[in-house]
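Q: Hi! I have a two-chain model open and would like to walk through it with you. Could you take a look?
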Amino acid sequence: MENKAIGLDKGWDYMQKGITKLKRILEGLPEPPFTSEEYMMLYTTIYNMCTQKPPHDHSQQLYDKYREAFEEYISSTVLPSLREKHDEFMLRELAKRWANHKVMVRWLSRFFHYLDRYFIARRSLPTLNEVGLTCFRDLVYQEVHAKVKDAMITLIDRALLKNVLDIFVEIGMGKMDRYEDDFEADMLQDTGAYYSRKASSWIEEDSCPDYMLKAMSHYLHSSSETKLSEKVQNELLVAYANRLLEKEHSGCRPLLRDDKVEDLSRMYRLYCKIPRGLDPVANIFKPHITAEGTALVQQAEDATSNQASSAPGVQEQVLIRRTIELHDKYMAYVTDCFQNHTLFHKALKEAFEVFCNKTVTGNSSAELLATFCDNILKKGGSEKLSDEVIEETLEKVVKLLAYISDKDLFAEFYRKKLARRLLFDRSANDDHKRSILTKLKQQCGGQFTSKMEGMVTDLTLARENQANYEDYLRSNSAAHPGIDLTVTVLTTGFWPSYKSFDLNLPAEMVKCVEFFKGFYETKTKHRKLTWIYSLGTCHINGKFEQKIIELIVSTYQAAVLLLFNASDRLSYSEIMAHLNLTHDDLLRLLHSLSCAKYKILSKEPNTKTISHGDYFEFNSKFTDKLRRIKVPLPPVDERKKVVEDVDKDRRYAIDAALVRIMKSRKVLGHQQLVSECVEQLSRMFKPDIKAIKKRMEDLITRDYLERDKENQNMFRYLA
Amino acid sequence: MLLFVSVSSKAKIKGLEKIDRLFNTYANSSLGMIDPEGIEALCSDLGVDYTDVRILMLAWKLKAEKQGYFTQDEWQTGLKALGVDSLSKLKKALSDLEKEVEKPSNYEDFYTYAFRYCLTEEKQKSVDIESICELLNLVLGVQFRPQIDSLIEYLKVQNDYKVINSDQWINFLRFCKEISFPDLENYDATQAWPLILDNYVEWMREKHS
């Protein structure tokens, strides 16, 4: 260890060598990197020179020389290189020089680090780092910044720009004033003008996607991004928003049409930063979907009226399928391109609400949807699908249901069809039944599905009950009625209402019914059984000349046929008198037995329709290759009844809602009452304003409500 | 002092006597009140038609409860209020009565009364369309001729309503007073107008389009 003091000159010489080496490295000249020894020596030299006892304490001089090192380098090398270049090249050079300078500062301040620790701290002087940067600022920046700004404005290269901008920021050493004062104000104004010019040319030439691409690449430094972006945004996007979006061949609409997902996503990203910028996009999105949906509806209408050959209801089912597909497609847009933004969810919802509520060939969409479900779920339905596909499809159907305003209509149709499936279609899949009910419950609330769940439960109980009945029969074999009878007991409230006529049953069947009643009364005393013969099925053996054929018919049909056990030939009126049926029902029955596919009865005269003067005989000559045939009885059109029932329920629902609201509010204005009523009922259906007014009048007549004497638009609840 | 009082009370009694005597001229003795026949007689003596609106006004003044009948109480109270005790005075009072009814403070009361007067059955709440049309004509026809004619035409052709209740009735008057006619410009169906008027306005607009 040397104890003798190092002289300033000698010490500085040594340092100078290190500095020179560093410069060579920075200039890219071939030079081996510093070894850790060299580094240590340089550091130690400074250390020694600073810790020597005065007058050999050279801290001040070293501090000054440190600065001079930079100044010298800048003046001799850096500035000249910048001066000789222009525009983009100048910017590149500047960026390079700045990067170099930073490295130089880093290294030199490490060598001279000891100064930082004591000398600088003690005297509160600028740190080595600050000194280094200040040099650059005072010498380089001051000279070039105006030129740089001009060069930048004409530049498009973002990466380079960013580098140069960083200079402006870092020169400010943490404070933005350099950037703001020297650069930003002018930049904003010039940019505005610049982009305004650019935009007006781009909008003419470019397609919307290209325009957008150019717009994206023009965002500048993130710190001024708000101000700058606003300007840029304003010039590029807002000013031309409508023109851009409306561009005929490349604007928003064609992008949607051609499924340009990339471009749409970009459009979203650009516009989402602008306040209210997404509104015009959503405003094009919505009508586009509505138009496509409406077109589908129109297609279905046209197809149905043109093709008389296709089975009724096929086109409607196709429509539902296509609507589901449409929904999937645009939902994907909303989640992917439009990042699940609420504005677009809303647009989608509103668009679907418009065309999903249109009627197709006189059928409401609620009915179509219910038929669609029925087809999927019933055995022998037009769709033979795997379980997963069924599940998926049902999910989508329930989603579509959200857009339909007449949900109660759907419920009623669905319930009717469910009843049919439950009663006649025993082998259909139970799981699906339960799962769709769960989904409907989630979507529409428990009230919607409580009846249907009751129906399903009834069937389970009915099977149990039947088992008990059979036990009872076995234990009472003497009193056996002679015919096997299976009874399904249904709870009235859950099931759709069925007309039940007092059919005059054939004697054999009467015994059965009585017997069952006896059994049932042993189980429960307080229930009344109403027999719905219209839903029953009978297996009858027809002893025809050629062979015995088992006929599967409805109870009504069986009743007709059994009459012929007692008489050979019966007239229409006789049959009617025997059975006590209406004309409508009897016509249908006799038609199914004598004029349809299987002529079990022969009719005189042998025409295609039934009239009141006809005569009927057992057709002993009838035969078929099968041993067991089902003689179908076409069901009555339920639609009218369903619509009537739903209307009736709606009246009660409106009444209840009005009373509920008025009871809690006591006094309420007309418009508010109406809107609250609509709100409360919206889960099930969209009430007609006129219907509400009518119910209100009724409530006034029944003294539930009265009109306020002073204010004609105000109503009061009468307790 | 006593003399003074007895003179005035005598005068009172005398006045009441005259009213009662007038009452008995028209009353049905077995019923103890004036019945439709009596009213007809009264009308002809007054020189007024049975269906004249002034008789309705008289009933209003008398606060008569039942259509076609005046009780003794009603008669007494009414004639005293009118300040008449003879037929000739009553005749004169009728024209004053018209002016009294037309005063805005009384008119609505009279109008409402007219409807109630038609509720002849116990618990009856509504009046049939035919009678309503006549009543409208009688009560509002003079003041609102064009509206009433048009409204009556509509009431006769529409099928939605077979009877009119008091709420609808009161709104007919409001309609005539507030809604410009025949353009119906300021009618707003989203307000609490009864449905029948909404339908009427729709019908009018269709007719004139």
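Q: Where does B:Pro182 lie?
A: B:Pro182 sits in the loop between α9 and α10 (195-208) of chain B. Helices here are DSSP runs of H or I with at least four residues, strands are E runs of at least two, and both are numbered from the N terminus.

Q: And which residue is joined to B:Pro182 by a cis peptide bond?
A: That is B:Phe181, with omega at about 5 degrees. For background, most peptide bonds are trans.

Q: Before we go on, what should I keep in mind about the model and its numbering?
A: It is a predicted model, where local features need pLDDT of at least 70 and side-chain atom pairs count only at pLDDT 80 or more, while totals for chains, interfaces and linings use all residues. Residues are numbered from 1 along each chain as its sequence is written, chains are lettered from A and ligands numbered from 1 in the order in which they are written, and side-chain values use heavy atoms, with hydrogens and water left out.

Q: Thanks! Which residues does the cis peptide bond in chain A join?
A: A:Glu604 and A:Pro605, with omega at about 0 degrees. A:Pro605 is in the loop between β4 (601-604) and β5 (615-618) of chain A.

Q: What about the backbone at A:Asn340, is phi positive or negative?
A: Positive: phi is near 60 degrees, and this residue is not a glycine. You'll find A:Asn340 in the loop between α15 and α16 of chain A.

Q: Let's switch to the interface. How many residues of chain A and chain B are in contact?
A: 13 residues of chain A touch 19 residues of chain B, with contact meaning heavy atoms within 4.5 Å. The buried area between the two chains is about 1400 Å², and carbon and sulfur atoms give 41% of it. Buried area is the accessible area (1.4 Å probe) that two parts lose on being put together, summed over both.

Q: How many salt bridges are there between chain A and chain B?
A: Four, where a salt bridge is a side-chain nitrogen of Lys or Arg within 4 Å of a carboxyl oxygen of Asp or Glu. B:Lys125 and A:Asp703 meet in a salt bridge at 3.3 Å, N to O.

Q: Which element of chain A gives the most to the side that touches chain B?
A: α28(A), with six residues. Both α27 (670-681) and α28 (689-701) of chain A supply at least two residues each to that side. By class, the side has two nonpolar, five polar and six charged residues. Here Ala, Val, Leu, Ile, Met, Phe, Trp, Tyr, Cys and Pro count as nonpolar, Asp, Glu, Lys and Arg as charged, and the others, Gly among them, as polar.

Q: Now the second largest pocket: how much space lies in it?
A: About 710 Å³. On a 1 Å grid over the protein atoms alone, a pocket is an open set of points with protein on both sides within 12 Å along at least five of seven lines, a cavity is a set where a 1.4 Å probe fits but cannot get out, and lining residues have an atom within 4 Å of a point. Grid points are joined across faces, edges and corners, and a volume is the space filled by probe spheres set on the points.

Q: Which residues are closest to the centre of that pocket?
A: Of the 24 lining residues, A:Lys709, B:Thr112, B:Ser166, B:Asp167 and B:Ile170 are the closest. α6(B) makes the largest share of the lining, with six residues.
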